[in-house]
Amino acid sequence: MEKLFKIVKDSKKSLREKSKPVLLPLSDEIKNLGLDMLNYLKLSQDENFLKAHPNVRSGVGLAAPQIGKNIQLIAISIEYLNSSNKSIKEDLVLVNPKIIEESAKKCYLSSGEGCLSVDKPHQGYVYRSYKIKVKAFSLLDNKEVEFIATGYKAIVLQHEIDHLNGILFYDRINVFNPFNKLADSIEL
């Protein structure tokens, strides 16, 4: 039986709170929660599932605060092109993720960002680092990991890690000039 979550909306104060680190080794409860979050994302990307569940919106990332748990846990299920233009499907469940390095070069999604917790559209570019280095405990690998992410994957990771710090994507849109083009930024 698939686990459906009630997504916390941006009107709730809890989404603006900093999340607490998760204790290691992971409890079975946290392991199951992380796997349920990943499964929810995969289901949300399935057309037949969406037809059967019209209240579910499709997503690529989910942070624990979005399901009412203010702990440092995120899940991501994305597809992107690597540097060789090969399509990569990747799933991540990360505990206590931290960005430990980031590039000066910025990037943004030309269509803007969206969020399962935000129903109202927010027009404008969200600039993020094009390249980041992340350190976390990987639930799927059951070990500490450090990896580099670029482009779309880096954007999704930064978006979800922002949730752990009480930051929403529209906080990063220039209020006075939402479609301002930063010099040397990469449009994705």
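User: Before we start, what are the ground rules for numbering and confidence here?
Analyst: Residues are numbered from 1 along each chain as its sequence is written, and side-chain values use heavy atoms, with hydrogens and water left out. As this is a predicted model, local features need pLDDT of at least 70 and side-chain atom pairs count only at pLDDT 80 or more, while totals for chains, interfaces and linings use all residues.

User: What volume does the largest pocket have, and which residues are closest to its centre?
Analyst: A pocket is found on a 1 Å grid over the protein atoms alone, as an open set of points where a 1.4 Å probe fits, with protein on both sides within 12 Å along at least five of seven lines; lining residues have an atom within 4 Å of a point. Volume is the space filled by probe spheres set on the points, with points joined across faces, edges and corners. The largest pocket comes to about 290 Å³. Its lining has 17 residues, and closest to the centre sit V60, G61, G114, C115 and H159.

User: Which element gives the largest share of that pocket's lining?
Analyst: Elements here are DSSP runs numbered from the N terminus: helices are H or I with at least four residues, strands E with at least two. The lining splits into seven nonpolar, seven polar and three charged residues, where Ala, Val, Leu, Ile, Met, Phe, Trp, Tyr, Cys and Pro count as nonpolar, Asp, Glu, Lys and Arg as charged, and the others, Gly among them, as polar. Five lining residues, the largest share, come from helix α3 (residues 151–164).

User: How many disulfides does the model have, and why?
Analyst: A disulfide is a covalent bond between the sulfur atoms of two cysteines; the rule used here is a pair of cysteine sulfur atoms within 2.5 Å. The sulfur of C107 is 17 Å from the closest cysteine sulfur, in C115, so that's too far for a bond. The count is zero.

User: Are C107 and S138 buried or exposed?
Analyst: Buried means under 20% relative accessible area, exposed over 50%, and partly exposed in between (1.4 Å probe, protein chains only). C107 has a relative accessible area of 0%, and S138, in strand β6 (residues 131–138), has 4%. C107 is therefore buried, and S138 also counts as buried.

User: Which side chain has a polar contact with that of S138?
Analyst: Leaving out residues up to four places away in sequence, S138 touches V93, L94, K143 and V145, contact meaning heavy atoms within 4.5 Å. A polar contact needs N or O atoms within 3.5 Å, one able to donate a hydrogen and the other to accept it, and residues adjacent in sequence count only if both atoms are side-chain atoms. At 3.0 Å, the partner is D141.

User: What is the phi of D184, and where does that residue lie?
Analyst: D184 is exposed, at 66% relative accessible area, and is found in the loop between α3 and β8 (186–187). Its phi is positive in a residue other than glycine, near 65 degrees.
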